[in-house]
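Hi,

Here is the structure I promised to pass on.

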Amino acid sequence: MPDRLRAQYEAYPYPARDPRDEAKRLLTGSPGHLDEVNHYVFGGRLGGSPGGTAPFRVLFAGGGTGDGTIMLAQQAADAGLAAEITYLDLSDASRSIAERRAEARGLTNIRFRSGSLLDWAGLGSFDYIDCCGVLHHLEDPAAGLRSLLSALAPGGGIGLMVYGTFGRTGVYPLQDALRTLADGLPDAERVDLAKRLLKTLPPTNWLKRNPFIGDHQESDAGLYDLLLHSRDRAYTVPELADLASGCGLAITAFIEPARYDPARYIADPRVRRRLDGLGAVARAALAEQLSGSMAKHVCYLVRPEDAADAVATPDDLDMVPVLRDLDGAAIARGLKPGAGLRADLGGMPVNLPMPRLAGPLLARIDGRTSVGKLYEALGKVEPGLTIPAFLAQFNDLYTVLNGMNKLLLRRQHGAAQGVQYY
């Protein structure tokens, strides 16, 4: 990382965080959410080594001020999962904030290291590697991804976030304008100049008309990272897929899956029929083109030979459904028969159709009860309910909520031998 880029994150650690806020809340997001990693990388089998004795080893490559590191470390501690999490970043200022956040929570499963993701020698190999918002700042992103792959243990996976081209409309012309206007000024003056320019932008300016970009309004660190950064680039879906495949990796999922389904953006049945036969990448690329709101892409990657078993599927009665950021019982109480749920899909309001048994299912999904046990429980209130009929209802609910990244799966504890579960 050039001195200028290092100096940026020393002066403006990003994202701006106050360790005192840890007493109020746990910030969660993607990639790196424990249930998400389990679902999209380990097929619900999350654990340590095949012998079940080694800890789950995680690397946060470019950990910044610690959002992902703190999230996963806290979730692992709460779940009783033996984890060894390594934070790696070049910025001492960012590392200091992340360390104080971990201290505020009493987390002991993180080791902090200073360095580059291009030079991780001596740290060992990792079951999961998280690289959020880093590759797009490298001179050679492919070299960075290949470096991460070389640190990935067999059967492991990578969580990645990079900028999205279309959703960042307006960012790059304004970056160029500020290079012209602020070139040679000290950082503090560049930030002040940028603030002054933003106040006087005409209503026709592309960034001003883009409702999906707001970092510059939240903090000086956000403004600097968005508009004064010395190097960043954005990716379309095909470019990201090419980056992954060129480095020997396969994409298991984009987050949220429904946002990458072009059928969500096409109401006309005749037009929608043109989607038939399109491959996964082509469909996701079309969704990006139609949506216009994807300012970033979050995805999970594994080696191609591991892709077939990477994603958990709902057809296994031993799987345990887990609701993310939803109170299933509360939703069930307010859900009328035949009604759907209102949701937001990247700025687009959508109605999520619910199957007939959505209420009874949601009321019983608690993160501990397996699909098989749910069937047994519903059989007591739905006499004559067959397994095929139940699975059809459950799969319909899963399809809708998993598409919004709100319903994930983990394997029932002890359902198989040789892997450590939580």
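A term to begin with: I call it a salt bridge when a side-chain nitrogen of Lys or Arg lies within 4 Å of a carboxyl oxygen of Asp or Glu. Keep in mind that this is a predicted model, where local features need pLDDT of at least 70 and side-chain atom pairs count only at pLDDT 80 or more, while totals for chains, interfaces and linings use all residues. Residues are numbered from 1 along each chain as its sequence is written, and side-chain values use heavy atoms, with hydrogens and water left out.

On to the charged pairs. The structure has 27 salt bridges. In one of them, aspartate 18 pairs with arginine 20, with 2.7 Å between the closest N and O atoms. For accessibility, buried means under 20% relative accessible area, exposed over 50%, and partly exposed in between (1.4 Å probe, protein chains only). Aspartate 18 is partly exposed at 25%, whereas arginine 20 is exposed at 66%.

Another salt bridge joins arginine 179 to aspartate 176 (2.8 Å, N to O). These two sit three residues apart in helix α6 (residues 171-182), so about one helical turn separates them. Helices (H or I, at least four residues) and strands (E, at least two) are DSSP runs, numbered from the N terminus.

Aspartate 220 and lysine 195 also form a salt bridge (2.7 Å, N to O). This pair links distant parts of the chain, 25 residues apart: aspartate 220 belongs to helix α8 (residues 220-227) and lysine 195 to helix α7 (residues 187-199). There is a network too, in which salt bridges with shared partners join Arg17, Asp21, Glu22, Lys24, Arg25, Asp67, Arg101 and Arg105.

Now the sheet. Seven strands make an open, mixed sheet in the order β3-β2-β1-β4-β5-β7-β6; two strands pair if DSSP finds at least two bridges between them. β3 (110-114) and β6 (250-255) are at the edges with a single partner strand each, so one side of each has no neighbour in the sheet. Strand β2 (residues 83-89) runs parallel to β3, with five bridges, and isoleucine 85 has isoleucine 110 in β3 as its bridge partner.

Last, the interior. A nonpolar core here is a set of buried Ala, Val, Leu, Ile, Met, Phe, Trp, Tyr and Cys residues joined through side-chain atoms within 4.5 Å. The largest has 68 residues, of which Ile129, Leu145, Met354 and Phe390 touch the most other members. Helix α15 (residues 387-403) gives this core its largest share, seven residues. A second, separate core of 31 residues includes Val41, Val58, Ala73 and Phe112.

Cheers
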